[in-house]
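Please walk through this structure with the sequence and the coordinates open side by side. The text takes some loop residues, then a helix pair, then a sheet.

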Amino acid sequence: MLKLNKTKIKQILDDRFKDDLHKNLSTIPKPHIFKDMNKAAIRIAKAIKNKEKIAVVGDYDVDGIVSSTIMSEFFANLGVSIKIKIPNRFSDGYGISEEIVKNLDADLIITVDNGIVAYEAANKCKELGIDLIISDHHTPSDTLPNAYAVINPKRDDCDFSKHINCEICGAQVAWWLCGAIKKELGIEYNMASFLDLLCIAIVADMMNLNDLNHILVRCGLKELNKLNRPAFVVLKEKYKKKFFDYESIPFLIAPLLNASGRMDDASISYRFLRAKTLDEARKILEVIEKLNQDRKEQERQSFEESIEFVSENDSVIIAYSKNWHKGILGIVAGRLAKQFNKPSFVFNIEENIAKGSARSVAELDILEVLNNVNDLLINFGGHKGAAGLSLDVSNLEEFKRRLNKLNFDENILDFCDTTNTLGELEFSEIDMELLDILSDFEPFGQGNEKPFFISKNVIINNLVLLNDKHLKCCFTQNNITLEAICFNCDFIPFEGDNVNIHFSLQKNYFKPSPTIQLNISNIYI
């Protein structure tokens with residue numbers, strides 16, 4: 001086990017960003033790095049000047065909701081009225097469709113966070129004389145839809161990857177599109193005002209926190225804590241947050257915003273983000289919270305049932321039922337993947353079609369996995385960490401058999417080692433200077449995991465059990481004593497025991513001035 005000191009820790013964390021092309025906001029490339037971006041901006045500017053009817057079609061997850069919010073707010077601040085359509089998961093299905101196109105009275109349609117495989121919808125736009133601009137980040141097929149413009153960083157002929165060394169989400173593409181429109185119109189607009197929304201979308205859509213994403217989330221959290229939107233004011237108020245940190249997004253904000261699209265209609269969360277007053281935001285939050293409680297119950301029940309499909313002999317998990325709520329399949333797949341360290345596929349079966357969600361582990365690209373069995377699939381799409389897919393029920397067993405034959409299981413330890421234990425750390429190295437070093441590399445998250453450490457031969461004392469499951473205590477090593485918390489502790493040692501601990505470090509803000517706290521993930525003899 002590597003023995004650590006502050007210098008070594010800084011070097012290890014520095015190495016995570018050695019290939020980054022951007023380390024501050026001032027270096028962010030201009031929108032023109034995207035293929036078709038200028039073409040799209042010129043067309044949209046023309047539509048604004050000519051007072052054409054403009055519609056934006058989003059998606060029902062957090063990325064799609066945030067993308068729609070950015071576009072809506074941008075146009076509203078220009079004094080331009082547009083229609084926002086966020087498809088309903090249950091009645092509309094995913095993304096723009098022929099039916100949506102027919103029902104939108106528009107001269108120009110812009111998609112955000114969807115559209116890259118919307119061939120029928122694009123053809124319907126052509127037939128009706130509507131110009132379609134697709135902005136998306138999901139992986140394209142060999143052929144692009146027949147649209148006026150297609151903006152996607154994953155296009156083979158797009159130079160995006162030469163300028164930025166990370167994947168981006170749909171809201172980022174929409175943000176750059178607004179920047180291009182701003183330039184084309186020759187107007188002043190503070191694009192940084194959207195950073196609070198962007199950081200939520202980046203984290204919720206599981207983008208790696210390196211290069212540009214690390215900067216945007218770091219700056220976005222600062223913008224988020226300015227509480228410029230009533231939605232964030234009431235969230236902070238309701239959940240008694242001193243401030244929003246990185247973990248506030250995946251554990252609080254994103255689940256709430258996702259709940260409406262999973263259980264009812266994503267437009268509820270869109271209206272929450274666009275709320276103009278605190279009273280309006282509070283009323284919508286009450287609705288979202290009720291939906292989220294329903295989501296939790298559906299998720300709990302489905303997850304318990306899905307455990308029956310787990311086999312230690314299989315390298316993947318494939319679970320299905322006729323009774324699972326369509327809106328929680330992705331969450332269940334994510335929980336299975338995390339708990340069992342295996343790529344997971346969870347389906348709801350309806351009329352002999354299995355529709356579901358897939359979640360990956362660590363660096364395994366789930367789309368590459370699905371490409372190996374694409375002849376069995378009706379359709380699939382997504383990105384490296386998460387995907388949606390459907391197949392005929394009669395193909396489920398063959399789907400499982402072929403996935404289990406893939407040779408990624410020999411490297412499964414690499415895929416699953418997500419704890420990022422840097423090495424052994426003596427208490428003598430733990431002080432506010434070390435926490436300041438760690439803070440320089442925040443936020444920690446996907447692709448920049450929080451550093452964990454091991455300390456050996458420490459004495460536990462001052463044990464207090466909170467709510468019969470959380471352990472609050474102190475640890476002492478070589479006359480240095482540090483406070484600690486262990487949530488959902490499944491092993492309670494005795495007072496005075498000599499133990500080893502696995503932990504991360506954080507500042508405790510529940511005292512007049514911040515103190516050092518160990519966040520314990522494991523205690524062992």
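**Loops, a helix pair and a sheet**

Met206 lies in the loop between helix H8 (195-204) and helix H9 (211-224); helices (H or I, at least four residues) and strands (E, at least two) are DSSP runs, numbered from the N terminus. This is a predicted model, in which local features need pLDDT of at least 70, side-chain atom pairs count only at pLDDT 80 or more, and totals for chains, interfaces and linings use all residues. Residues are numbered from 1 along each chain as its sequence is written, and side-chain values use heavy atoms, with hydrogens and water left out.

Met206 has a phi near 60°, a positive value in a residue other than glycine. With a relative accessible area of 32%, Met206 is partly exposed; buried means under 20% relative accessible area, exposed over 50%, and partly exposed in between (1.4 Å probe, protein chains only). Leu227 also has a positive phi in a residue other than glycine, here near 55°. Leu227 sits in the loop between H9 and helix H10 (230-238), and at 23% relative accessibility it is partly exposed.

Two other loops are worth a look. The peptide bond from Glu442 to Pro443 is cis, with omega near 5°. Pro443 is in the loop between helix H18 (432-439) and strand S12 (452-466). Ile492 belongs to the loop between strand S14 (480-486) and strand S15 (498-508) and is partly exposed, with a relative accessible area of 39%. Not counting residues up to four places away in sequence, Ile492 touches Leu463 and Leu465, where contact means heavy atoms within 4.5 Å. Ile492 and Tyr524 are 32 residues apart in sequence and 9.7 Å apart in space, C-alpha to C-alpha.

Next comes the helix pair. Helix H3 (residues 62-77) and helix H7 (residues 170-185) pack at an angle of about 15°, with their axes 8 Å apart. Axes are lines fitted to C-alpha atoms, for helices over the stretch in contact, and angles run from 0 to 180 degrees between N-to-C directions. The angle makes H3 roughly parallel to H7, since angles under 35 degrees count as roughly parallel, over 145 as roughly antiparallel, 65 to 115 as roughly perpendicular and the rest as oblique. Residues in the contact include Val66, Ile70 and Phe74 of H3 and Ala174, Trp175 and Ile181 of H7. By class, the contact has 11 nonpolar, two polar and two charged residues; Ala, Val, Leu, Ile, Met, Phe, Trp, Tyr, Cys and Pro count as nonpolar, Asp, Glu, Lys and Arg as charged, and the others, Gly among them, as polar.

The sheet is open and has five strands in the order S6-S7-S8-S10-S9, with mixed pairing; two strands pair if DSSP finds at least two bridges between them. Strand S6 (317-321) and strand S9 (377-382) are the edge strands, each pairing on one side only. From one strand to the next the twist averages 15°.

Strand S7 (residues 344-350) and strand S8 (residues 353-359) run antiparallel and are joined by seven bridges. In this pair, Val346 stands opposite Ser357 in S8. S8 is also joined to S10 by seven bridges, again antiparallel, and Lys355 stands opposite Ser390 in S10. Strand S10 (residues 386-392) is mostly covered, as five of its seven residues are buried. S9 and S10 run antiparallel with five bridges and form a hairpin with three residues between them. Here Leu377 stands opposite Leu391 in S10.
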